[in-house]
Amino acid sequence: MLNWLIVGGGIHGTYLSHLLRHACGVPDAKIRVLDPEDGALAGWFRNTKNTGMAYLRSPMVHHIGLTPSSLKQFSKKWRERKCSIAPYERPKLSMFNAHCRHVIERHRLEDLREQGRAERILLKGNHVVVESDRGQLVARRVVLALGSAAPRVPAWAAGLQQQGVMVNHLFAPDFCSDCLPVHGLTVVVGAGISAAQFALKALERGAERVVVISKKAPQVHQFDADPGWLGPKYMNRFNRERDFGLRREMISRARRRGSMPSDVYHRLEHQRRAGEVLWLEGVVRQARQQDGQALLEVGNQSLVADRVILATGFDNTPPGQAMIEHLAQEHGLRRSPCGFPQTDRFLRWHPRVFMAGALGELSLGPVARNIAGARRAGNVLSYLLRRS
Ligand SMILES: Cc1cc2nc3c(=O)[nH]c(=O)nc-3n(C[C@H](O)[C@H](O)[C@H](O)COP(=O)(O)OP(=O)(O)OC[C@H]3O[C@@H](n4cnc5c(N)ncnc54)[C@H](O)[C@@H]3O)c2cc1C
């Protein structure tokens, strides 16, 4: 039987496997990471490539290495001169990714992976059975690090997809931004950093015309949550709140959804002033297919788009919803009104079931989904292991 089974091998699951294996001394044979993707961090590599982002939004100390200075040390030998940007030393994506690959290879984290998608979790006597599309795994404890729910596709966009119009979500597993044609009008839907980055990437690839449809004017914030949420400044009050519905409200207020840091904003603004990209404020009122193109009504304007790219983020539902519902119903585990698990301060939903990333949000706070959230979850698990 395994000591630990981590379900999900993205940034969070991979970092936690690294920490449990190499900092907490869990033996090789006693830990596994279950994930359907071909390799560790596959979703991260795909999504960041598709957006065209050049720098991370988070600082140099947030990465999958064990010591906070690991990426900084790595940067000293990095071939490119400008490997981070101010403020807060935000690392270049190419270097961050090379560091991830270096950590994974050096610590043989791929050896811990099992390919498969978890479908059901069963709590038995002193162990947990995880049923996947490739068989069963048995462990004393499981950590669910499933990332976010499915990419959010507005109803009008789903309707166009059914009519055969080229409508893609930026974070769909089969999306490839480098494969897109560049002729005609590319419409990007979304208000935040990914919409802006993708619009800039489309221009770099030679897109003829680019329009971003956004509910609001560009909002500039360096981070997607105030750095006070990384420590006791705001987290003490969050931890004292016993009402999980109010915790969700605090998270929603703190997360600056649909915002972008100033460097991305300035690049976008430069292109906007040059007439290369139009930022159109409004919502899609009506959409229909016309000769294979998308006819979109936004305010009092009509657009005829050759392709529509959705940068509309992810659904607000808990990832792995069916598994979560089954666990809640079978074992009477509590969920908040938003449907997310009510975990304790050690990220436990049950003595043998731990949550990380988005699923641990009601304990980890607004930075739960970020790389900082993975490191915070790691601190919690290693503290718990030291105590036991
Ligand atoms: C474009 C982009 C840029 C970002 N930039 C930053 C940044 O600069 N700084 C920052 O801190 N954060 C950033 N984030 C936020 C966050 O750090 C990333 O989304 C990160 O990839 C989240 O890691 P994760 O492991 O939680 O999720 P994911 O990377 O989505 O990994 C989840 C894994 O779980 C697997 N999985 C799902 N369901 C199952 C199942 N049933 N069974 C088995 N496996 C399953 C999936 O296959 C996947 O591999 C960014 C996010 C995006 C999308």
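These legends describe close-up views of a predicted model.

**View 1. The open sheet of five strands.** The strands follow the order β9-β18-β10-β11-β14, and their pairing is parallel. At the edges are β9 (167-169) and β14 (277-281), each of which pairs on one side only. On average, and with direction ignored, neighbouring strands of this sheet are turned by 20° against each other. Strands of a sheet pair through backbone hydrogen bonds, either parallel or antiparallel.

**View 2. Strands β10 and β18, with helix α6.** Four bridges link strand β10 (residues 185-189) with strand β18 (residues 307-310) in the parallel sense. Within this pair, Val189 stands opposite Leu310 in β18. Helix α6 (residues 193-204) lies across β10, β11 (209-214), β14 and β18, and runs at about 175° to β11.

**View 3. The disulfide of Cys176 and Cys179.** The two sulfur atoms are 2.2 Å apart, within the 2.5 Å that counts as a disulfide. The link is right-handed, with 75° about the S-S bond. Cys176 is partly exposed at 30% relative accessible area, whereas Cys179 is exposed at 58%. A disulfide is a covalent bond between the sulfur atoms of two cysteines.

**View 4. Cys83, a buried cysteine.** The relative accessible area of Cys83 is 12%, so the residue counts as buried.

**View 5. Helix α12 (residues 371-387).** At 1.5 Å a residue, the 17 residues of this helix should span 24 Å, and the end C-alpha atoms are 25 Å apart, which agrees. Because 13 of the 17 residues are buried, α12 is largely enclosed by the rest of the structure.

Technical notes. Residues numbered from 1 in each chain as written. Predicted model: local features only at pLDDT ≥ 70, side-chain atom pairs only at ≥ 80, totals over all residues. Heavy atoms only, no water. Helix = DSSP H or I, 4+ residues; strand = E, 2+ residues; numbered from the N terminus. Expected span 1.5 Å × (residues − 1). Buried < 20%, exposed > 50% of the residue type's maximum accessible area, 1.4 Å probe, protein only. Pairing = 2+ DSSP bridges. Axes fitted to C-alpha atoms, helices over the stretch in contact; angles between N-to-C directions. Contact = heavy atoms within 4.5 Å.
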